[in-house]
Amino acid sequence: MQLFYAPDITPPLYTLGEEESKHCVRVLRMGVGDTLHLTDGRGNLFRAQVADPSPRHCTVQIVETTPDYGRLPYELTMAVAPTKNIDRFEWFLEKAVEVGVTRIVPLLCDHSERRSINDERARRIVVAAMKQSLKAFLPQIDPMTRFADLVASTSAPVRLIAHCAATGQPKAYLPRAIEKGAPAVILIGPEGDFSPEEINFALENRFTAVTLGDQRLRTETAAVAAVVMTSVANAL
C-alpha cells in the first residue's frame, strides 16, 4: 500500500502537491487507474485511483473512505527532553510514531543541554513516519514546552515520571503503572536527568515515579522503551 498525506483532502477529486505528484508518477510509475491511498492525518483512510498522472499535478479520484483507520485503543502523551545530539531525538520521533503515540511534547528541563528544536523538521519526520508505518492518525507534536508548564497543565488519569534519582522512595515498574485504555502522560528527562526540584514538583502534581528496569538507558532509548511498554500493557 502506498500512502500519501493529504491534510486538506475534499473528495471525490484531489490533486497531489508537486513533490507527491513527482513521487507518484516518476518514482512509483503510477498511471491512470492505478490504486493508491491517502490520509488526512485525522483517522480517515482514502482509497483512490489515478485520474490524471501529471508529474507536477497528479489528480486522483477517491473511491472508498475508511474512517477511524487504525485508532489506538489508548491515548499516550510522551513528554521528552530533546537530546544534545538532535539525531537521537529525531530517531525517537520516528520510532514512537511507528509503535503508536498520540502526542509528543519536547520538554525544556533544568538540566537540558538542548533548549530548542526545529519544529518544522520535527513535523516532517512525524509525517514521514506516519506514512511509512501506514497510519491514518498524525500524532500532535508540540513546540518546546517548559517542564513546569506541562506538569501543571496535565489532567490525564495516568501520570508517570521516569527518573534515575535515588530518592529513597519506591518506584513502580512502568508497565504495571499503566491502566489499560486510560490516557497516560509519561515524562522522560534529559541526559542529566530531572532535577530534584522537578521530581518533587511532579510528585506534588500527582505524578507517579516509575522505573523501566535495572538497565541505565539513554534518553531516547528510555523514551522508545516507554512507548513500547505502554503498547504492550494495553494489549494484554
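A residue counts as buried when its relative accessible area is under 20%. Keep that cut-off in mind, please. The model on the screen is a predicted one.

I will start with the aromatic rings. Phe147 and Phe194 are both buried. How many aromatic pairs are there? The count is two. One of them joins Phe89 and Phe92, with 5.8 Å from centre to centre and 45 degrees between the planes, and this pair is tilted. Both of these residues sit in helix α2, residues 86-99, three residues apart, or about one turn of the helix. Phe89 and Phe92 are buried too.

Now back to Phe147 and Phe194. Their ring centres are 5.3 Å apart and their planes stand at 50 degrees, so this pair is also tilted. Where do the two residues lie? Phe147 belongs to helix α4, residues 147-153, and Phe194 to the loop between β12 and α6, so the pair ties together parts that are 47 residues apart in sequence.

Next, the helix packing. Helix α2 packs against helix α7, residues 219-235, at an angle of about 5 degrees, and the axes are 9 Å apart. Because of that angle, α2 is roughly parallel to α7. On the α2 side the contact includes Arg88, Trp91 and Phe92, and on the α7 side it includes Glu220, Val224 and Ser231. What kinds of residue make up this contact? Eight are nonpolar, two polar and three charged.

Phe92 comes up again in the core. The largest nonpolar core has 33 residues, and Met78, Phe92, Leu174 and Ile188 touch the most other members. Elements giving two or more residues to this core include β6, α2, α3 and α7. Which element gives the most? That is α7, with eight residues. As a general remark, in soluble globular proteins nonpolar side chains tend to be buried together.

Let me look at Leu174 by itself. Setting aside residues up to four places away in sequence, Leu174 touches, among others, Leu160, Ile186, Ala226 and Met229.

Is Ala233 buried or exposed? Its relative accessibility is 15%, so Ala233 counts as buried. Apart from neighbours within four places in sequence, Ala233 is in contact with Pro175, Ile178 and Lys180. Ala233 and Ile178 are 55 residues apart in sequence, yet their C-alpha atoms are 6.6 Å apart in space.

That is the end of my part.

Technical notes
Residues numbered from 1 in each chain as written. Predicted model: local features only at pLDDT ≥ 70, side-chain atom pairs only at ≥ 80, totals over all residues. Heavy atoms only, no water. Phe/Tyr/Trp six-rings, centres within 6.5 Å; stacked < 30°, edge-to-face > 60°. Helix = DSSP H or I, 4+ residues; strand = E, 2+ residues; numbered from the N terminus. Buried < 20%, exposed > 50% of the residue type's maximum accessible area, 1.4 Å probe, protein only. Axes fitted to C-alpha atoms, helices over the stretch in contact; angles between N-to-C directions. Parallel < 35°, antiparallel > 145°, perpendicular 65-115°, else oblique. Contact = heavy atoms within 4.5 Å. Nonpolar A, V, L, I, M, F, W, Y, C, P; charged D, E, K, R; others polar. Core = buried A, V, L, I, M, F, W, Y, C linked by side-chain atoms within 4.5 Å.
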